[in-house]
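Colleague: I'd like to learn how to read the features of a model like this one. Can you take me through them one at a time?

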Amino acid sequence: SNVDQLVGTWKWVSGQDVVEIKLQKVRHTVVNYDEDILLGTHKYIQNGVEVQNSMAEYNNIQADHKKATVHIYNHNNSTTNFSGYLQDLTKSKLNELTLVFTTGNPPTLTWTLKTGEHVSIDPGFQYGLTLPAQIILVKQ
């Protein structure tokens, strides 16, 4: 399926800042059909300091999908454009994540993160993004 090319580890490094995501394919049952989605974990290092890291949960995702902090869907069956959300562990909220796949040696993913401010009514809600809004991740 089209999600296969996104399976694996992807990394962005800029100076002392690192974003890493690790994605696996999961068969997801919706009401009347099954689809392949990507679930994964992420790590964010800012100025050499680890800010977020859910990588330890990677091997638990198949058993419990809620362990994933990255959820990527392919509703339009595109070979390049994928969307979903990233759980911001610092702000305890979901951000909208778009990934655009580009073939190459190595392949890359253009990451666009948008804050999901319209989805929260939590009084303790924190606006803004913890992770970078626009980066390019390289397949590891």
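**Reading the model, feature by feature**

Modeller: Buried means under 20%, exposed over 50% and partly exposed in between, with a 1.4 Å probe and protein chains only. Keep in mind that this is a predicted model, where local features need pLDDT of at least 70 and side-chain atom pairs count only at pLDDT 80 or more, while totals for chains, interfaces and linings use all residues. Residues are numbered from 1 along each chain as its sequence is written, and side-chain values use heavy atoms, with hydrogens and water left out.

Colleague: Where does Glu 20 lie, and what is it in contact with?

Modeller: Strands are DSSP runs of E with at least two residues, helices runs of H or I with at least four, all numbered from the N terminus. Glu 20 belongs to strand 2. Contact means heavy atoms within 4.5 Å. Setting aside neighbours within four places in sequence, Glu 20 has contacts that include Trp 10, Thr 41, His 42 and Met 55.

Colleague: Which residue forms a salt bridge with Glu 20?

Modeller: For a salt bridge, a side-chain nitrogen of Lys or Arg has to be within 4 Å of a carboxyl oxygen of Asp or Glu. The partner of Glu 20 is Lys 11, and their closest N and O atoms are 3.9 Å apart. Lys 11 counts as partly exposed, at 29% relative accessibility.

Colleague: How many salt bridges does a search of the whole structure find?

Modeller: The search finds 5. One of them joins Asp 4 to Lys 25, with 2.8 Å between the closest N and O atoms. That pair links distant parts of the chain, 21 residues apart: Asp 4 is in the segment before strand 1 (8-14), and Lys 25 is in strand 2 (residues 17-29). Asp 4 is partly exposed at 36%, and Lys 25 is partly exposed at 33%.

Colleague: What else does Lys 25 form a salt bridge with?

Modeller: Lys 25 also bridges to Asp 36, the closest N and O atoms being 4.0 Å apart. Lys 25 is in strand 2 and Asp 36 in strand 3 (residues 34-46), so this pair ties together parts 11 residues apart in sequence. Asp 36 is buried, at 18% relative accessible area. Put together, Asp 4, Lys 25, Arg 27 and Asp 36 are linked in a network of salt bridges.

Colleague: On to rings. How do I describe a pair of them?

Modeller: A pair of aromatic rings is described by how far apart the centres are and by the angle between the planes. Rings of Phe, Tyr and Trp (its six-membered ring) pair if their centres lie within 6.5 Å; planes under 30 degrees apart are stacked, over 60 edge-to-face, and the rest tilted. By this rule there are 2 aromatic pairs. The Trp 10 and Phe 101 rings have centres 6.3 Å apart and planes at 85 degrees, so that pair is edge-to-face. It links distant parts of the chain, with Trp 10 in strand 1 and Phe 101 in strand 7 (residues 93-102), 91 residues apart. Trp 10 is buried at 0%, and Phe 101 is buried at 8%.

Colleague: And how are the rings of Tyr 73 and Tyr 85 placed?

Modeller: Their centres are 6.5 Å apart and their planes at 40 degrees, so the pair is tilted. Tyr 73 lies in strand 5 (residues 70-73) and Tyr 85 in strand 6 (residues 81-88), so the pair ties together parts 12 residues apart in sequence. Tyr 73 is buried at 18%, whereas Tyr 85 is partly exposed at 25%.

Colleague: Is Leu 109 buried or exposed?

Modeller: Buried, at 0% relative accessibility. Leu 109 sits in strand 8 (residues 108-115). Not counting residues up to four places away in sequence, Leu 109 touches several others, among them Leu 6, Trp 10, Ile 21, Phe 101 and Ile 136.

Colleague: Zooming out, what does the secondary structure of the protein come to?

Modeller: 0 helices and 9 strands. Buried residues make up 41% of the 140 residues. Among contacts with a separation of 6 or more, 48% are between residues 24 or more positions apart. Along its principal axes, the C-alpha trace spans about 40 × 40 × 25 Å.
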